Amino acid sequence: MANQVQDLTPDEVSKGVAEGRYLLVDVREPNEVEVEAEAYPYGVVVPLSTFDPKAIPDPQGKEVVFACRSGKRSVTASLAAQAAGLPYDKHLAGGMLGWKAAGLPSKVGG
């Protein structure tokens, strides 16, 4: 069976995080989060350049959702996690660009 990645909308992710159902894993590089001062509220940063699925914090019953700037690297991260045997098959379609377009808040500096 081929690995698959499920697209979630910014509103679905925001609601899921607020309800405690999702752990948002931002796979952008630290300079994108800190220098550009745009971070997801409540996201954890695990950069794709050094991506190790074992570096993802224990989701403690939550579903892991990957996110990036536009939605491409988050798919790559999800597929890499699945290849490592983890059931992480969700990502934020549109990434931070979609998040901001939906009017959702970002925080300053990772």
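## A buried charged pair

Both aspartate 26 and arginine 28 are buried, where buried means under 20% relative accessible area, exposed means over 50%, and partly exposed lies in between (1.4 Å probe, protein chains only). Their side chains meet in a salt bridge, with N to O at 2.7 Å. The term salt bridge is used here for a side-chain nitrogen of Lys or Arg within 4 Å of a carboxyl oxygen of Asp or Glu.

Before going further, a word on the model: it is predicted, so local features need pLDDT of at least 70 and side-chain atom pairs count only at pLDDT 80 or more, while totals for chains, interfaces and linings use all residues. Residues are numbered from 1 along each chain as its sequence is written, and side-chain values use heavy atoms, with hydrogens and water left out.

## Other salt bridges

How many salt bridges does a search of the whole structure find? There are seven. One of them links lysine 15 to glutamate 19, with the closest N and O atoms 3.9 Å apart; glutamate 19 is partly exposed, at a relative accessible area of 45%.

Another joins lysine 54 and aspartate 52, whose closest N and O atoms are 3.7 Å apart. Lysine 54 is exposed, with a relative accessible area of 75%, whereas aspartate 52 is partly exposed at 30%.

## Two glutamates and arginine 73

Glutamate 29 lies in the loop between strand 2 and helix 2. Helices (H or I, at least four residues) and strands (E, at least two) are DSSP runs, numbered from the N terminus. Glutamate 29 is buried yet has no salt bridge, and the nearest side chain of opposite charge, arginine 73, is 4.7 Å away. For charge, Lys and Arg count as positive and Asp and Glu as negative; His and the chain ends are not counted.

What does the side chain of glutamate 29 have as a polar contact? It is joined to the side chain of serine 49 at 2.6 Å. A polar contact is a pair of N or O atoms within 3.5 Å; within protein, one must be able to donate a hydrogen and the other to accept it, and residues adjacent in sequence count only if both atoms are side-chain atoms. Glutamate 32, in helix 2 (residues 30-34), is buried at 10% relative accessibility, and its side chain makes a polar contact of 2.8 Å with the side chain of arginine 73.

## The two sides of helix 1

In helix 1 (residues 10-18), Pro10, Val13, Gly16 and Val17 are buried. Because they cover an arc of only 135° around the axis, they are on the same side of helix 1; the arc is that of the directions from the helix axis to the C-beta atoms. Lys15 and Ala18 are exposed on the other side.

Among the elements covering the buried residues of helix 1 are strand 1 (6-8), strand 2 (22-26) and helix 4 (95-101). Just after helix 1, glycine 20 takes a positive phi of about 80°.

Five strands form an open sheet in the order 1-5-4-2-3, with parallel pairing. Strand 1 and strand 3 (44-45) stand at the edges with a single partner strand each, so one side of each has no neighbour in the sheet. Two strands pair if DSSP finds at least two bridges between them. Strand 2 and strand 3 pair in the parallel sense over two bridges, and valine 25 stands opposite valine 44 in strand 3.

Terms used. Contact = heavy atoms within 4.5 Å.
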